[in-house]
Amino acid sequence: MFIRGAICVALPCLGTFGVDAQVDVVKGRHSFGVSGFTGDAAIAGQVTDVLKNDLRLSGYFSLAPVSSAEYVQSGSVRGDRNGIVVECVVMQQATKRVALSKAYQGSAQDVRRVVHKLSDEIVQALTGQRGIAETKIAFVWSHNGGKELAVMDYDGYNARQLTYDRSISVRPRWSPDGRKIVYTSYKNVFPDVLEVDLYTGQRRRLAAYPGLNTGAVFSPDGLSIALTLSKDGNPELYTMNAEGTDLRRLTHTRSAESSPTWAPDGQTIAYVSDESGVPQIWQINKDGGSPLRLTVSPSYNTEPDWSRPPGNSDMTPMLAVTSRVAGKFQIGLYQKGSAGVVTPVVADGMDNEDPSWAPDGRHLVFAKTVHWRSQLYLLDVVTGEQVQLQAVEGGASEPAWGP
Amino acid sequence: MSSKLLARTILVGVITAVISTGCHHGNGAAGGNNPQGGTGAESSVPGIGNGTGSENGISPRPVLGANGLPEQGQFPAVLFDYDSARIRPSEESKLEAVAAYMKANPGKLVIEGHCDERGTAEYNRALGERRAIAARDELVKLGVDSSRMSTISYGKDRPVDPGHDEAAWAKNRRCEFVVVTQ
């Protein structure tokens with residue numbers, strides 16, 4: 001339902017998603033026993049695998065033997081060519097309390113989506129938190145010497161190509177309603193900001209001024225777009241409305257401003273400026289005014305992305321950034337009140353770039369480059385666990401986690 | 001040579017059309033408004049909807065690369081220091097040669113800004129643009145009309161040397177110049 005098959009074709013190279021079957025018990029996690037599903041063995045096996053993977057990736061559960069788990073799942077599947085029905089019961093063993101009892105229906109091709117919905121409802125029922133299993137990730141696919149946009153499920157499955165321009169299409173960003181993606185396209189030679197409607201496949205050009213048009217990102221209410229333009233002399237920050245009109249210039253510097261990201265309240269915009277001689281994160285009011293420098297160390301911080309945790313979340317809003325330390329890129333987090341210091345969260349000696357927050361404000365997707373090829377990884381910032389998504393032939397970069 | 005030249009000729013035509021049809025990308029053509037903003041669907045985009053993408057024509061890249069320069073204006077790339085958009089004194093003579101050519105010949109100049117791979121993607125797009133603008137501003141000082149020039153930043157997406165060492169990086173931190181005849 002999210003992306004119609006008619007506008008997409010599956011990437012040929014994507015298949016299974018590998019995660020080691022860890023059942024370690026981390027403090028604060030619920031132990032969860034998946035007993036599986038009765039019924040058609042093939043469907044039941046797939047449903048079980050997807051459910052286990054979703055629960056593991058959620059970060060809230062450690063998978064445990066049914067006999068010793070705090071929560072235990074049981075269920076059944078029925079299915080034929082016309083559709084499937086998945087019934088699931090989750091019980092708290094000690095109290096015999098039924099935490100969830102539901103049936104889910106879907107087409108036979110939609111098994112993964114049906115289970116993602118079930119997984120998110122289990123997360124909601126047992127933790128009160130919003131799950132991420134039904135979300136999507138857009139990314140840049142390096143293909144045949146060019147760069148195309150693609151969209152996939154959050155777990156790396158169902159990747160679909162979104163552009164077929166045989167050009168350079170980069171830096172996708174989602175509209176808050178998940179219906180549109182804005183990005184930078186070199187299809188007409190010069191870098192322009194385009195928008196694609198995922199429901200209809202229609203594209204339109206939102207900004208095509210002289211020079212650089214890039215970095216477009218929707219405000220939290222979806223009504224405005226911040227972006228970088230160089231039409232007035234050097235790369236500066238601007239805002240415009242979602243139709244591409246009512247352009248307003250925010251910054252006036254002799255340096256370059258890029259990579260805007262809206263604060264959760266939509267009132268300020270964080271961005272990169274090298275005004276101090278090195279790239280650092282700055283902040284400016286959405287209507288302009290005096291910029292405020294946010295980060296001081298390390299000496300190179302770029303690609304800021306504000307998290308937007310839901311209202312009832314335990315997570316606080318944070319900026320994820322790409323820092324450069326000793327010649328390597330690492331992912332770091334910045335919080336207000338941290339005296340300008342970015343704390344590394346992925347610093348493994350490889351190049352890690354382009355962090356983008358999941359809507360739960362807890363998970364990040366980022367690009368890790370190994371042997372000069374970039375692939376996408378998920379990070380749970382609470383547990384620190386990284387998971388590699390299925391490798392994409394040619395490489396994947398600049399991910400954007402959808403709403 | 002013939003197929004390459006043909007592609008090049010077609011693509012020069014494409015660029016010429018982009019620049020000469022009053023497109024707002026022509027330097028100085030746009031004011032504070034956006035002529036195409038909010039005009040609805042771009043219905044002519046092939047690819048999305050059919051999923052083949054194989055008839056989309058030729059990528060615009062070949063004419064803009066180091067090997068795709070038009071016959072009449074082959075200029076050496078202007079090189080830059082790491083994370084810098086300053087024109088080195090040693091590169092001035094290259095810009096003087098470009099300026100002399102432009103003053104003696106018709107046509108428009110496309111200035112490409114490029115970066116090495118040791119910066120993040122979007123930051124490098126801004127840095128590449130600053131390099132192209134620095135070269136353009138220097139050419140203006142040397143007497144080339146700014147309305148004849150436009151800039152394209154490719155960030156780190158189009159290295160001329162695919163290597164991963166200082167020798168490759170030094171070549172990739174550059175501006176290239178493409179003369180487009182009208």
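## Hairpins, helix pairs and a mixed sheet

In chain A, strand 19 and strand 20 form a hairpin with six residues between the strands, and Gly277(A) there takes a positive phi near 100°. The model is predicted. Strand 19 of chain A and strand 20 (residues 280-285) of chain A run antiparallel and are joined by six bridges. Ser273(A) has Gln280(A), in strand 20 of chain A, as its bridge partner.

Strand 19 of chain A also pairs with strand 18 (residues 257-262) of chain A. That pairing is antiparallel and spans four bridges. Trp262(A) stands opposite Ile269(A) of strand 19 of chain A. Here too the two strands make a hairpin, with five residues between them. Its turn holds Gly266(A), with a positive phi of about 75°.

How many of the six residues of strand 19 (residues 268-273) of chain A are buried? Five are, and the strand is mostly covered.

### Helix pairs

Two packed helices are described by the angle between their axes and the distance between the axes. One pair from each chain follows.

| Helix pair | Angle between axes | Distance between axes |
|---|---|---|
| Helix 1 (residues 41-58) of chain A and helix 2 (residues 111-127) of chain A | about 45° | 9 Å |
| Helix 2 (residues 92-104) of chain B and helix 3 (residues 121-141) of chain B | about 60° | 10 Å |

In chain A, the angle of about 45° makes helix 1 of chain A oblique to helix 2 of chain A. The crossing of helix 1 of chain A with helix 2 of chain A is right-handed. On the helix 1 side of chain A, the contact includes Ile43(A), Val47(A), Val50(A), Leu51(A) and Asp54(A). On the helix 2 side of chain A, Val111(A), Arg112(A), Val115(A), Ile122(A) and Val123(A) are among the residues that take part. By class, this contact of helix 1 of chain A with helix 2 of chain A has 10 nonpolar, four polar and two charged residues.

In chain B, helix 2 of chain B and helix 3 of chain B are likewise oblique to each other. Helix 2 of chain B passes helix 3 of chain B in a right-handed crossing. Leu95(B), Val98(B) and Ala99(B) of helix 2 of chain B meet Ala135(B), Glu138(B) and Leu139(B) of helix 3 of chain B. The residues of this contact divide into five nonpolar, no polar and one charged.

### The chain B sheet

In what order do the four strands of the open sheet in chain B lie? The order is 1-4-2-3, with mixed pairing. Strand 1 (78-79) and strand 3 (149-155) of chain B stand at the edges. Each has a single partner strand, so one side of each is left without a neighbour in the sheet.

Strand 2 (residues 108-114) of chain B and strand 4 (residues 174-180) of chain B run antiparallel, joined by seven bridges. Glu112(B) stands opposite Glu176(B) of strand 4 of chain B. Helix 3 of chain B lies across strand 1, strand 2, strand 3 and strand 4 of chain B. Helix 3 of chain B runs at about 155° to strand 3 of chain B.

### Lys171(B)

Lys171(B) sits in helix 4 (residues 166-172) of chain B. Is Lys171(B) buried, exposed or partly exposed? Lys171(B) is partly exposed, because 17 other C-beta atoms lie within 10 Å. Not counting residues up to four places away in sequence, Lys171(B) touches Val160(B) and Asp161(B). Phe80(B) is 91 residues from Lys171(B) in sequence, while their C-alpha atoms are 8.7 Å apart in space.

Technical notes: Residues numbered from 1 in each chain as written. Chains lettered and ligands numbered in written order. Predicted model: local features only at pLDDT ≥ 70, side-chain atom pairs only at ≥ 80, totals over all residues. Axes fitted to C-alpha atoms, helices over the stretch in contact; angles between N-to-C directions. Parallel < 35°, antiparallel > 145°, perpendicular 65-115°, else oblique. Left-handed = near helix turned anticlockwise from the far one by under 90°. Contact = placed C-beta atoms within 7 Å. Nonpolar A, V, L, I, M, F, W, Y, C, P; charged D, E, K, R; others polar. Buried ≥ 20, exposed ≤ 12 C-beta atoms within 10 Å, placed from the backbone. Pairing = 2+ DSSP bridges.
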